[in-house]
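Grab a pencil and have the viewer open.

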Amino acid sequence: RGWLKNVSDKPVRSVDAKFTFTDFDGKPVQETVNRVFEPFQKPIDPGTSYRFEVNFENLPRTWNYRVPVVEVVKIGY
């Protein structure tokens, strides 16, 4: 789960984020890109926030069970 906040001056229509799962040494063990906000949803207006949730299956056994590193990789206006 997380929050997106539109800090631009345009409505946001889609957002893709990269999730990096790490091991106990902090090394990446799995990376995946997921769409966290779909174009068919009502756009996120400037200054507003949107709560998202992404579910994962089949995570690696070497994952450290901590929240993955999340990075926005694509924004559609």
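**Exercise 1.** Is isoleucine 75 buried, partly exposed or exposed?

*Solution.* First, some ground rules. This is a predicted model, where local features need pLDDT of at least 70 and side-chain atom pairs count only at pLDDT 80 or more, while totals for chains, interfaces and linings use all residues. Residues are numbered from 1 along each chain as its sequence is written, and side-chain values use heavy atoms, with hydrogens and water left out.

Step 1: get the cut-offs. Buried means under 20% relative accessible area, exposed means over 50%, and partly exposed is in between (1.4 Å probe, protein chains only).

Step 2: apply them. Isoleucine 75 has a relative accessible area of 42%, so it is partly exposed.

Step 3: Isoleucine 75 sits in strand β5, residues 69-76. Strands here are DSSP runs (E, at least two residues), numbered from the N terminus.

**Exercise 2.** Which residues make up the largest nonpolar core, and which element gives the largest share?

*Solution.* Step 1: know the term. A nonpolar core is a set of buried Ala, Val, Leu, Ile, Met, Phe, Trp, Tyr and Cys residues joined through side-chain atoms within 4.5 Å.

Step 1: read off the members. The largest core has 12 residues: Leu4, Val12, Val15, Ala17, Phe19, Phe21, Val36, Phe37, Ile44, Phe52, Val54 and Trp63.

Step 2: sort them by element. β2 (14-22) and β3 each give two or more residues to this core, and the largest share, four residues, comes from β2.

Step 3: zoom in on one member. Beyond its neighbours within four places in sequence, phenylalanine 21 is in contact with residues including Phe56, Leu59, Trp63 and Pro68.

**Exercise 3.** Which residues of strand β1 are on its covered face, and which are on the uncovered one?

*Solution.* Step 1: recall the pattern. In a regular strand the side chains alternate between the two faces of the sheet.

Step 1: check β1 (residues 2-5). Gly2 and Leu4 are on the covered face, Trp3 and Lys5 on the uncovered one.

Step 2: look across. β1 and β4 run antiparallel and are joined by four bridges; two strands pair if DSSP finds at least two bridges between them. Tryptophan 3 stands opposite arginine 51 in β4.

**Exercise 4.** How many salt bridges does the structure hold? Follow the ones around glutamate 53.

*Solution.* Step 1: the count is five. A salt bridge is a side-chain nitrogen of Lys or Arg within 4 Å of a carboxyl oxygen of Asp or Glu.

Step 1: arginine 1 and glutamate 53 meet in one of them (3.8 Å, N to O). Arginine 1 is in the segment before β1 and glutamate 53 in the loop between β4 and β5, 52 residues apart.

Step 2: glutamate 53 also meets arginine 51 (3.8 Å, N to O). Shared partners join Arg1, Arg51 and Glu53 into one network.

Step 3: compare exposure. Arginine 1 is exposed at 74%, whereas glutamate 53, at 47%, counts as partly exposed.

Notes: Contact means heavy atoms within 4.5 Å.
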